[in-house]
Amino acid sequence: MDKRTCLALLAAFAFAPAVHAQTDWPSKPVRILVPTPPGNALDISARILADGLTQQWKQSVFVENKGGGAGIPAMAAGKAAAPDGYTIVFGPSSTVGINPGLFPKLPYDPVKDFDTVTGVYLGPIMLVANNKSPYRSLEDVVAAARSKPGQVSVAHGGPIGTTQHLSMELFRHRAGLDLVGVPYQGSAPAMQDLIGGQVELLFDSVASALPHIAAGTVRPIAVATRERMPQLPKVPTIAELGYPDFEAVSWGGLMVPKGTPPAVVERIGADVARIVNTPQVRDQMLARGLLPDPRSAKDWSAFIDAEIKKWGGLIQAAHIRPQ
């Protein structure tokens, strides 16, 4: 046996355990770490995925909610987990796309400390109006704001630094308007005040607005997706109304600790995409005002980079600070 053959055999033996380990994965329960409390879109989507993956993998896949602290403790825990595929982080737009621009020092870097796996869903934002308000179109809102600078109030169904708030700020910035933002601690009280007439305009999630639009208690003005939503085909996008490429969405997708074996990452992504693309799961997401978005790891990574840059630039330009 010559020296070259001997080295090749040694390399093959050294590589074999890693290949075998990846082939056998998963051989024990898998955790999906969710940086929010139970009951929201991220948590519900995680549980749908957990059920589907449990069936596919023949191993228990469970959801662990670790809410609080702007999602920072959960992301730090995900970063510290072993890079073996047994901890999957369901990263939302808040902790992955917004926090890097909002907090000067984070114990995690969503790009450097994690490998992207796949997108799962988009949670579009929209502008809605009180039914008795004079606003029937985006043009009405812009015209009023230009004629009365600093006098037109727009509520947002989330506190400072949330997607709802930043969506309002992004529109104010792109349109060059002097709007008065009215923060709420959540969608429910904001929508209640919109219906009651305490506020006339509201930036909130489509998921929150859909039932009230269907009931005829609020008026849809525009959605913040690049294309019209299948749930609201008659409602125009902000982009098509004179603000090209305008997009403001919350989102959720899967990440794993940096260094997770590529074969494991690819398998998770492929199996999740298979689940999200089933008619049953797609219908569940659409009914909740979400858009299925099982984009590839490469596309998901590029999307995250763009979101971090977009929201970070806006946060800096608008001098937004966490509260």
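User: How many salt bridges does a search of the whole structure find?

Analyst: The search finds 12 salt bridges. The structure is a predicted model.

User: Which residue does arginine 47 form a salt bridge with?

Analyst: Its partner is aspartate 43, and the closest N and O atoms are 2.9 Å apart.

User: Is aspartate 43 buried or exposed?

Analyst: Aspartate 43 is buried, because its relative accessible area is 3% and the cut-off for buried is under 20%. Arginine 47 is partly exposed, with a relative accessible area of 36%.

User: What about glutamate 169, which residue does its side chain meet in a salt bridge?

Analyst: Glutamate 169 meets arginine 172, at 2.6 Å from N to O. Both residues lie in helix H6 (residues 163–175), 3 residues apart, which is about one turn of the helix. Glutamate 169 has 11% relative accessibility, so it counts as buried.

User: Next pair. Where are arginine 228 and glutamate 240?

Analyst: Their side chains meet in a salt bridge, 2.7 Å from N to O. This pair links distant parts of the chain, with the two residues 12 apart. Arginine 228 and glutamate 240 are each in the loop between strand S8 (218–223) and strand S9 (249–257).

User: How accessible are arginine 228 and glutamate 240?

Analyst: Arginine 228 is partly exposed, with a relative accessible area of 39%. Glutamate 240 also counts as partly exposed, at 42% relative accessibility.

User: Which residues are linked in a network of salt bridges?

Analyst: Arg226, Asp245 and Glu247 form such a network.

User: Changing topic. How many cavities of 30 Å³ or more are there?

Analyst: The count is 1 cavity. The largest cavity has a volume of about 30 Å³.

User: Which residues line the largest cavity?

Analyst: The lining consists of Ala41, Ile44, Ser45, Ile48, Gln284, Met285, Arg288 and Leu290. By type, these divide into 5 nonpolar, 2 polar and 1 charged.

User: And which helix gives the most to that lining?

Analyst: H2 gives the most, with 4 residues. Helix H10 (279–287) and H2 each supply at least two residues of the lining.

Key: Residues numbered from 1 in each chain as written. Predicted model: local features only at pLDDT ≥ 70, side-chain atom pairs only at ≥ 80, totals over all residues. Heavy atoms only, no water. Salt bridge = Lys/Arg side-chain N within 4 Å of Asp/Glu carboxyl O. Buried < 20%, exposed > 50% of the residue type's maximum accessible area, 1.4 Å probe, protein only. 1 Å grid on protein atoms, 1.4 Å probe; cavity = no way out; pocket = protein on both sides within 12 Å on 5 of 7 lines; lining within 4 Å. Points joined across faces, edges and corners; volume = space filled by probe spheres on them. Nonpolar A, V, L, I, M, F, W, Y, C, P; charged D, E, K, R; others polar.
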